[in-house]
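Me: I would like a close look at a single part of this protein. Please keep it brisk and walk me through it step by step.

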Amino acid sequence: MTRARRFRSFARAIPLALLAALCWIGGCATNPATGKRQISLVSENKELAIGRESDPAVIAEYGLYDDDATQRYVDSVGQRLARISHRPDLVWHFRVLDSPVVNAFAIPGGYIYITRGILAYMNSEAQLAGVLGHEIGHVTARHSAQQITRSEIAGLGVLVGMVFVDAFRPYGGLAQQGLGLLFLKYSRDNETQADELGIEYAAKAGYDPREIPQTYATLKRIGERAGSSLPSFLSTHPDPGDREIRTTQIANATAASARRGLEIGSVAYRRHIDGMVFGDDPRNGYFDANRFYHPQLAFQMIFPLGWQTANQPSQVVASDEHAGAAMQLSLATSRDTTLSAPQFVDSLRARGEIVEAQGRSENFRDYSAWVGNITAKGSSGQTSFVAGFVKIRGGQYLQVLGQVGSSNAAADQIFASIRSIAALRDPAKLNVTPDRVEVKSVPRAESFASVYAAFPGQALSLEDSAILNSTRAGTTFEEGAPVKVVAKGIHPTG
């Protein structure tokens, strides 16, 4: 979904004389976290603008976790940290994204995102504070501004402010297969500083920083289990390997000099993640071979056989690399709920989003539609698409766009997929539910392996469940101790 760029060495790219000149003309600013003067071509107002413009795109692409209590809880912890950070006057925003992938990230201007995926793996409010504090540290230390400045000075042509999505992204952005945000890769020094700031902020806010290193140990185990060094979702957090050891040393020293009565907040934290969705949520759509089912919108669609497919939060994408063809399914909306599919296409053309449209109205088994070819404006000029717009309810249209080059066969396949769209009525495919985290009490003192066996019907293996609980199979749990299990939902059946 996103791409990180490697940047040339700042020291090599910028002569000292040029650095001095840039400072002289106003290109230097004081870093709030360090108090040092540094070159910056990105003003604070520009950072705020980046955040304001990017935040709606992030939310639209990944979705917010649909639980107001969880959103308020995470925001309350984040605001507590932000108040004692180096930039307390920023208007901070903390969002829980509806993604199963384990990660958190920040964009300039005070926007912090954390996935429900990583929330499930943490075990205390202090650990949550450490993750949020780390991301706050990236913002307060202006790491994104530094990377943008370095890349622009080096002449690498980074797009203005890391953004983004042009006005007609649903049409012009198909090749990107997702959000147009460019998340710059932080340096190891940036990550080290963010770790240190996260620990500092957590302790100043009254949390026990000695809880934080366990988060990095868990991330390492998840990565090893998945066969990679670190879970990646818009990941800007490469693990250098000694992170747990280094943060343990810093946390111990910080706790020793901090005030007494540092909080851990395990009980409150477990209460808020009890019942949280775990893993993929089938209600948001799922594939069975090349057939796609969407229970929430109650429709189904057949994709071309043999094409690679991916169900992403805001779209479904499919491609045939051999033919050089790709297609995108997304949901388009109109405030005017009375518009037919052809009228909706006319409205897009009237607004200038579509330059040209050649097609016809059709009636499918369950829906009315418009099918044809369109030319649309995009960030790199005009682009032609094979297209279909299918009205599934008032003001909602399934939008299918395809790029096929000179492949007539691929165009025929995409048109066939558009015409396969039908209502979903099969209860076995409609009535699905996700797996969920449940907090239980250990019935008696025994090993975690025995505790795991005492709760049948779990969705995770013994090892994965041990990682979820930051423990090992042979570790002894005391009677009454809390333990997290992942209860199976109602999964799709053929």
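Which residues point one way from strand 5, and which point the other way?

Reply: This is a predicted model, so read what follows as a description of that model. Tyr111, Tyr113 and Thr115 point one way from strand 5. Ile112 and Ile114 point the other way. All of these residues are buried.

Now look at the partners of strand 5. Strands of a sheet pair through backbone hydrogen bonds, either parallel or antiparallel. Strand 5 shows both kinds.

Take the parallel side. Strand 3 and strand 5 run parallel, and 5 bridges join them. Find Leu97 in your view. Leu97 stands opposite Thr115 of strand 5.

Next, the antiparallel side. Strand 4, residues 104-107, pairs with strand 5 over 4 bridges in the antiparallel sense. Here the bridge partner of Ala104 is Ile114 in strand 5. Strand 4 and strand 5 also form a hairpin. There are 3 residues between the two strands. Gly109 sits in that turn, with a positive phi of about 95°.

Go back to strand 3, which spans residues 93-97. Arg95 lies in this strand. Leaving aside neighbours within four places in sequence, Arg95 is in contact with Tyr111, Ile112, Tyr113 and Ile114, among others. The list also includes Asp55, Ile59, Leu64 and Gln71. With Asp55 there is a further detail: a polar contact of 2.6 Å joins the side chains of Arg95 and Asp55.

Strand 15, residues 381-393, and strand 16, residues 396-403, run antiparallel and are joined by 7 bridges. Val386 stands opposite Gly402 in strand 16. This hairpin has 2 residues between its strands. Its turn holds Gly395, which has a positive phi of about 80°.

Step across to strand 3 by the parallel bridges. Then follow the antiparallel bridges to strand 4. Finish at Arg95 and its side-chain contact with Asp55.

Notes:
Residues are numbered from 1 along each chain as its sequence is written. This is a predicted model: local features need pLDDT of at least 70, side-chain atom pairs count only at pLDDT 80 or more; totals for chains, interfaces and linings use all residues. Side-chain values use heavy atoms; hydrogens and water are left out. Two strands pair if DSSP finds at least two bridges between them. A polar contact is a pair of N or O atoms within 3.5 Å; within protein, one must be able to donate a hydrogen and the other to accept it, and residues adjacent in sequence count only if both atoms are side-chain atoms. Contact means heavy atoms within 4.5 Å. Buried means under 20% relative accessible area, exposed over 50%, partly exposed in between (1.4 Å probe, protein chains only).
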